[in-house]
Amino acid sequence: MTNKITQFLFLCFLVASLAPAKAQKLKRNQIESYADAELPKTVENLITFLSIPNDAQYPANIKKNIEWLNTEFSNRGFEVELLPTAGEIPIMLASTSYKKSEKTVLMYFHADGQAIDTTKWFQPHPYKPVLKAQDESDNWEIIDWNSLDSEFNDEWRVFGRSASDAKGPIIMFLSALDAMKAAKFTPDFNLKIIIDFEEEQGSPNLPAAVTTHKDKLAADMLVIFDGPPHITNKPTLTFGARGISDITLTTYGPRVPQHSGHYGNYAPNPALRLSKLLASMKDEEGRVTIPGFYDGITLDEETKKILGAVPDDEAMIQKKIGIAATDKVGNNYQESIQYPSLNIRGLQCAWVGKEARTIVPATATAEIDMRLVPECDPEKLISLIKKHIESQGFYITSGEPTEEERMKYPKIVAFKYSVSYAAFRTDFNSEIGNWLSNAYVNLFGEEPVKIRISGGSIPISPFVATLDVPAVTVPNVNPDNNQHSPNENLRLGNLKRGVRTCLAILAQKFD
C-alpha cells in the first residue's frame, strides 16, 4: 500500500511539473504552429514597412508611416485615433476591447528611426531592405528574397533602417494578432496600443501629451516592445530603464582665437580649463567625486543576488568592446548600471588634423549625458554639479558672457541643461511581472533572464508617473542588431521568436 501511495504521489508531482506555469489559451506547440504560419506574410509586411522612410526630422515621411499603421490596425478591428501633441507630429492610439475583459493593457511601440548616412550602408539604400546570409569568411552577402520560399534560416538577417529599432517589433505584434485570429481566441484583457513617432528625437512632446490624453490612455499596466534582450540572446524581460538628462558646458578664452605665438602663455586656454574642470568630476577609476552624487543608492544582498542571476560574461563583454579594465562604480556590469552616470559624450574646440592652427582657442565645449536611476532627483544632481563647478572657481552663465562679465570674472563657463525623462523600475513579483514571466515559461519552458534596470533610456516614465501604472519591457530583437548605426539588421530567428512571444502574451491569462 505504501508503495502505491508513493507511486501515486510521484505521478501527481510529475503531472504538476509538466503542466504549464499558469493557464494559457494555447499550448506551446499551438503557439509555435500558429505563429510560424504567419511568417511569410510577416516578412512581406516587414519589407513594406521598412521601405517607408521614417526619420522624424521629416514630418512628411512620418505621415506616410502613420497612414500605413492606421490601415494595418484598422484592418484588425482597432479604433485608431491620432492624439495631437505640442509639435507637428501626433502620437497614435489604437484601441480594442473584448467581452468579459476587466483589465486593460497599454502597449508601447515607436515607429521613427535614426538618421541615415547612405555611404556607410553595404546595400543599395537603407530604406530598401535586403536579405543577407554570411559567407565562409563571415561577410554578410545579399541573397534573393525568394530564398525564403525553400528555407527560413534563423541566422539570415533583414538589413534596413529600423529593422530592429523599432519597426520589427511592430510587425511581430501585428503578425501575432493575425495568428490569434487564426487560433480563434481573444485575450482576457482589453488592448490599447500607443505608437510614438519622435522617440529617436527624445520624445520631446510625449510627457505633455500623456498628461493631456490621460483618460484615453488609462490602463492597468504597460508593456514596452523595444530594445534587445540580454547579450546571450536568451528570452528576456526588463523591469526598468534609466532616465536621461544632458548638459552643455562652454568655457571661454579670448574673444576670438588668438595667435599662439603672440598670446600663448598670456591668454588663458579654454580647452585646458575645460579639461581640468571635467577631470575634477571623476577619480581615476571612473567614480563621480561630486559630493552627494550617489546619495540614496544602496544595493542590499537580495538586490545583489538578483543582479548576480543575470548570465553576464564579464570577460566577453570587455573583449567585445575592447577594454582591459572597467570603471569601478559597481563590482560588475549589472551593478554599474544601478547608479547614475556622468558621461562626456562629445568635445569640441578649434581645429584638428590637417586643419589644426597655431591659435589660442576662443571657446571649448563639452556635451555631457547623465543617466538617471529611480533613487535620484535630476534637478538635485544638476544643482550638485553646478555647486561643484563653482567650487572650482568658475562663474556660471546661461549663455555667451557679456563684456562686463568678461572683464570681471577670470574663469567663466556657460551651463545649459535639460531633463528628457526620469527613470522607472517595476518589481519582479508585481502582477505584470508574474503575468509576463508565466507567458515566457509557458512558451520557452523556463524563466526568462530578468534585468532589474537597463542601462539605456526609453521615454516611459511619463506613462508610469502620469497614468500610475507598472511597466515592463519585452525585448525581442537580436542584441547585435546595429541599432542607431549603419547596417541595422534583424535576425530571422528573433523575428520568428518575437511573433511567438507576442502570441504567448496575448494568450496568457492573469492569475
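## Aromatic pairs

In this predicted model, the structure holds 17 aromatic pairs. One of them joins F109 and F225, whose ring centres are 4.9 Å apart and whose planes meet at 5°; because planes under 30 degrees apart count as stacked, this pair is described as stacked. F109 belongs to strand β3 (residues 103-110), while F225 lies in the loop between β8 (221-224) and β9 (236-238), so the pair ties together parts of the chain that are 116 residues apart in sequence.

Are F109 and F225 buried or exposed? Both F109 and F225 are buried. The two rings also belong to one aromatic cluster, which F109 and F225 form together with F173.

## Charges over rings

## Helix α5

How many of the 17 residues of α5 are buried? The number is 14, so the helix is largely enclosed by the rest of the structure. Just after α5 comes K184, which takes a positive phi of about 60°.

## An open sheet and a helix across it

Strands of a sheet pair through backbone hydrogen bonds, and they may do so in a parallel or an antiparallel way. Here, 4 strands form an open sheet in the order β5-β4-β6-β21, with antiparallel pairing. Which strands stand at the edges of this sheet? They are β5 (140-143) and β21 (489-491), each of which pairs on one side only. From one strand to the next, the twist averages 35°.

Looking at one pairing in detail, strand β4 (residues 130-134) and strand β5 run antiparallel and are joined by 4 bridges, and Q134 stands opposite W140 in β5. Helix α17 (residues 492-507) lies across β4, β6 (157-159) and β21, and the helix runs at about 70° to β21.

Methods. Residues are numbered from 1 along each chain as its sequence is written. This is a predicted model: local features need pLDDT of at least 70, side-chain atom pairs count only at pLDDT 80 or more; totals for chains, interfaces and linings use all residues. Side-chain values use heavy atoms; hydrogens and water are left out. Buried means under 20% relative accessible area, exposed over 50%, partly exposed in between (1.4 Å probe, protein chains only). Helices (H or I, at least four residues) and strands (E, at least two) are DSSP runs, numbered from the N terminus. Rings of Phe, Tyr and Trp (its six-membered ring) pair if their centres lie within 6.5 Å; planes under 30 degrees apart count as stacked, over 60 as edge-to-face and the rest as tilted. Two strands pair if DSSP finds at least two bridges between them. Axes are lines fitted to C-alpha atoms, for helices over the stretch in contact, and angles run from 0 to 180 degrees between N-to-C directions. Contact means heavy atoms within 4.5 Å.
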